[in-house]
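Grab a pencil and have a look at what is shown below. The exercises come after it, each with a solution worked out step by step.

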Amino acid sequence: MIQPGARAVFLDRDGVLNQALISGGKPGAPRTVDEFVIPPDRAACLEELKRRGFALIVVTNQPDVARGRQSIAVIEEMHRRLQAALPVDDVLVCFHDEADNCQCRKPRPGLLIEAQRKYDLDLSRSFLIGDRWKDVDAGNAAGCRTVFIDYNYSERGPSTEPSVRVSSLRDAVDWISSRGMNKEELLPHSVSDFKVKLFADGADKAAMLELYRNPWIKGFTTNPTLMRAAGIRDYEAFALDILSSISDRPISFEVFADDPDEMYQQALEIAGWGENVYVKIPITNTKGESALGVARELSRGGVKLNITALLALDQVRDTANALDGGAPACVSVFAGRIADTGRDPVPVMKAAAELVHQHPGMELIWASPRELFNLIQADSIDCDIITAIPDVLKKLSLLGKDLLEYSRETVQMYYDDARKSGFTLTGKARSQVAVGPVRGVK
Ligand SMILES: [Mg+2]
Ligand SMILES: [Zn+2]
């Protein structure tokens, strides 16, 4: 799925994704499906761009159709194979020849403009990768940055300068991934740019159902404190009510017993509420006694767990070891609470991610985020999940926002609020305060 405002990499086809047929030093399109060969390194290159949040759109001239030398059916079969082999989002084709004077034939930017309209792409943050002059000129005409893979064909070069010249698709991808974007552009601009999964933390039914409508909320967590704040009296009735609406995304419910045996019984009961239920078990009870013995037994017995309230790396190590080989589990580290003590949570979370990822089926949760920037931090250290309260999620719309524009809006807010409050100055105090030129300076 392509998010509105996404950046794209436009990819030429022949010579970039599949082998071109070289004749007389010039590249041509393969004529048969058998000649349509995708070299093995292409998939990894495109996967990397996909991971960086780019929409991948193939834009290709196939004039042999207009010239009567190729059928649309053969080209469509090639593109079925292309889309099966590579993670491309769409393939846009111009079937015309020069004489048709169409808008879609490169070097005209028609195909790129068509993709922009179809998917609401941000062309100014997009790239084109091509191996011929027409590709580069089309990319530049559309306002994209352009990467020219120069195979030294015996033909003219681009009439507009490419942003960079490289000698392979690998180099093109490396350039886009690093030097092609400045730091500012590497900032995620939409939720789709994140690898870390967003979970919503809450206990308010209406708010949870509202968030459930967003496909980018991948799961839910609750806790007794949030439930108390939401005025919930009947824990089980609340949980079953929520589960009747949310049954296809993970959701955590916490045990509230302090005694190990009771904790175990509650966990079994909560696990029985639904396939998507994770039972939340605090790392210790109120006496500071480890709950990992109980957790290990439950995990081995197939109960999905979310071990919660961890703050120290030793706790992460012990938890990961205790749950090794059991049911799928989450390890929930309260990064926000670590930060509240004046410690930087990032190195702790990075080390925690490395520990947790040694165990298949185990995921690390960045819990208690305090600000939107924590999403970027969690994403950058390969944390699997971040849980956020609605106040933090609301700020997602600010991702990548222009700072000068945000500054102006802030001033607007002060102005509007002062007006709404009807503030005025009367001039009464003026005579009592020294204003104007500072006295004593001649
Ligand atoms: Mg080409
Ligand atoms: Zn065309």
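**Exercise 1.** Which exposed residues sit on the face of helix 10 turned away from its buried side?

*Solution.* That face carries D261 and E269. To follow along, you need two terms: a residue is buried if 20 or more other C-beta atoms lie within 10 Å of its own, exposed if 12 or fewer, and partly exposed in between, with C-beta atoms placed from the backbone. Helices (H or I, at least four residues) and strands (E, at least two) are DSSP runs, numbered from the N terminus.

One caution before we go on: this is a predicted model, where local features need pLDDT of at least 70 and side-chain atom pairs count only at pLDDT 80 or more, while totals for chains, interfaces and linings use all residues. Residues are numbered from 1 along each chain as its sequence is written, and chains are lettered from A and ligands numbered from 1 in the order in which they are written.

**Exercise 2.** Work out what the buried side of helix 10 looks like and what covers it.

*Solution.* Start with the list: M263, Y264, A267, I270 and A271 are buried. They cover an arc of only 135° around the axis, so they end up on the same side of helix 10. (The arc is that of the directions from the helix axis to the C-beta atoms.) Next, look for neighbours: these buried residues pack against strand 11 (251-254), strand 12 (277-282) and helix 11 (292-300). Contact here means that the C-beta atoms of two residues, placed from the backbone, lie within 7 Å. Finally, the direction: helix 10 lies across strand 11 and strand 12, at about 160° to strand 12. Such angles run from 0 to 180 degrees between N-to-C directions, and axes are lines fitted to C-alpha atoms, for helices over the stretch in contact.

**Exercise 3.** Find the strand arrangement that runs 9-10-11-12-13-14-15-16.

*Solution.* Those eight strands make a closed barrel with parallel pairing. Two strands pair if DSSP finds at least two bridges between them. The twist averages 25° from one strand to the next. Now check one pair: strand 9 (residues 197-201) and strand 16 (residues 385-388) run parallel, joined by four bridges. K197 is the residue opposite I385 in strand 16.

**Exercise 4.** Which residues of helix 12 (residues 313-323) are buried, and why do they line one face?

*Solution.* V316, T319, A320, A322 and L323 are the buried ones. Looking down the axis of helix 12, you find them within an arc of 165°, so they line one face of the helix. Their cover includes helix 11, strand 13 (305-310) and helix 14 (345-356). Just past the end of helix 12, G325 has a positive phi of about 80°.
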